[in-house]
Amino acid sequence: MHSTTAKTLIEQLALARHPEGGWFKETYRASDKLAAQALPARFDGDRSASTAIYFLLEAGDVSALHRIQSEEVWHFYAGSTLRVHGIFPDGTYQEWKLGANLAAGEQFQAVVPASCWFGAELAEGDFALVGCTVAPGFDFADFELAQAKQLLACYPQHAELIHRLTSA
């Protein structure tokens, strides 16, 4: 019986480390471009219509809290349950559980709204392989990695999560 491991997936999918933590590879970037004038003011230039990546978290690793200017759809592919945490601008918290156990409230897809602080961690197990689709397409110009001090000043009620999913 063949057992898939994080190491195997990292090698076979040619994943690289991501600045927020975990492993990734861009798999799609739309050839269609959206002009800056057609986008909301939060974008400072043209963007691809859409992008997609593979994203893998291993046990003990986290996707640090960050935000982007686009909506992001997460798709569960393999492994253990992934907990995606979101802090909305008004301080509301939401958790999305990505996985294959629908009876336990897990889902195959979840949408993180634009400008929401979010990060992820394994609920248990060795790894989770997911995909992320972003529209308008991802651009590192729209990526902001959270700083614990600033987030704690805005959202002290989420201190435990902020400490767990940020670096000092």
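Biologist: I'm new to this one, so how many helices and strands are there in the protein chain?
Modeller: Keep in mind that we're looking at a predicted model. Going through the protein chain, you'd count 3 helices and 13 strands.

Biologist: What radius of gyration does the protein chain have, next to that of a compact globule?
Modeller: Let's start with the box: along the principal axes, the C-alpha atoms fill roughly 55 × 40 × 30 Å. For 168 residues, a compact globule would come out near 15 Å. The protein chain agrees with that, because its own radius of gyration is 16 Å.

Biologist: What percentage of the contacts with a separation of 6 or more is between residues 24 or more positions apart?
Modeller: First, a word on burial: 46% of the 168 residues are buried. As for those contacts in the protein chain, the share from residues 24 or more positions apart is 74%.

Biologist: Which strands stand at the edges of the open sheet?
Modeller: The open sheet has 6 strands, with antiparallel pairing, in the order E1-E2-E5-E12-E7-E10. A strand at the edge has a single partner, so one of its sides is left without a neighbour in the sheet. That is the case for E1 (16–17) and E10 (109–112).

Biologist: Inside that sheet, which residue of E12 does Ala52 stand opposite?
Modeller: Look at E5 (residues 51–58) and E12 (residues 127–135), an antiparallel pair joined over 8 bridges. Find Ala52 and look across to E12, and you land on Thr133.

Biologist: And which residue takes a positive phi in the hairpin of E8 and E9?
Modeller: E8 (residues 82–87) and E9 (residues 93–98) are antiparallel too, paired over 6 bridges. In this pair, His85 stands opposite Glu95. Between the strands there are 5 residues, and the one with a positive phi, near 95°, is Gly91.

Biologist: Is Ser63 buried or exposed?
Modeller: Ser63 belongs to strand E6 (residues 62–67). Leaving aside residues up to four places away in sequence, Ser63 touches Glu20, Phe55, Leu57, Gly119, Ala120 and Leu165. Its relative accessible area is 0%, so Ser63 is buried.

Biologist: Then which side chain makes a polar contact with the side chain of Ser63?
Modeller: Glu20 is already among the residues that Ser63 touches. The two side chains make a polar contact at 2.7 Å, and the partner of Ser63 is Glu20.

Biologist: Which element gives the largest share of the largest nonpolar core?
Modeller: That core has 22 residues, and those touching the most other members are Trp74, Leu82, Val84, Leu98, Val112 and Val130. Two or more residues come from each of E5, E7 (71–79), E8, E9, E10, E11 (117–122) and E12. The largest share is 4 residues, and it comes from E12.

Biologist: On to charges: what separates Glu11 and Lys7 in helix H1?
Modeller: Their side chains meet in a salt bridge, 3.8 Å from N to O. Glu11 is exposed at 54% relative accessible area, and Lys7 also counts as exposed, at 59%. Both sit in H1 (residues 6–12), and because they are 4 residues apart, what separates them is about one helical turn.

Biologist: How far apart in sequence are the parts that Arg164 and Glu121 tie together?
Modeller: Their salt bridge is 2.6 Å from N to O. Arg164 is partly exposed at 31%, while Glu121 is buried at 9%. Since Arg164 lies in helix H3 (residues 159–164) and Glu121 in strand E11, the pair ties together parts whose distance in sequence is 43 residues.

Biologist: Which residues are linked with Arg164 in a network of salt bridges?
Modeller: Arg164 also meets Glu160 in a salt bridge, at 2.5 Å from N to O. Those two are 4 residues apart in H3, so about one helical turn separates them, and Glu160 is exposed at 53%. A search of the whole structure finds 11 salt bridges. The network links Arg164 with Arg83, Glu95, Glu121 and Glu160.

How values were computed. Residues numbered from 1 in each chain as written. Predicted model: local features only at pLDDT ≥ 70, side-chain atom pairs only at ≥ 80, totals over all residues. Heavy atoms only, no water. Pairing = 2+ DSSP bridges. Buried < 20%, exposed > 50% of the residue type's maximum accessible area, 1.4 Å probe, protein only. Polar contact = N/O pair within 3.5 Å; in protein donor to acceptor, adjacent residues only side chain to side chain. Contact = heavy atoms within 4.5 Å. Core = buried A, V, L, I, M, F, W, Y, C linked by side-chain atoms within 4.5 Å. Salt bridge = Lys/Arg side-chain N within 4 Å of Asp/Glu carboxyl O. Rg over C-alpha atoms; globule rule 2.2 N^0.38 Å.
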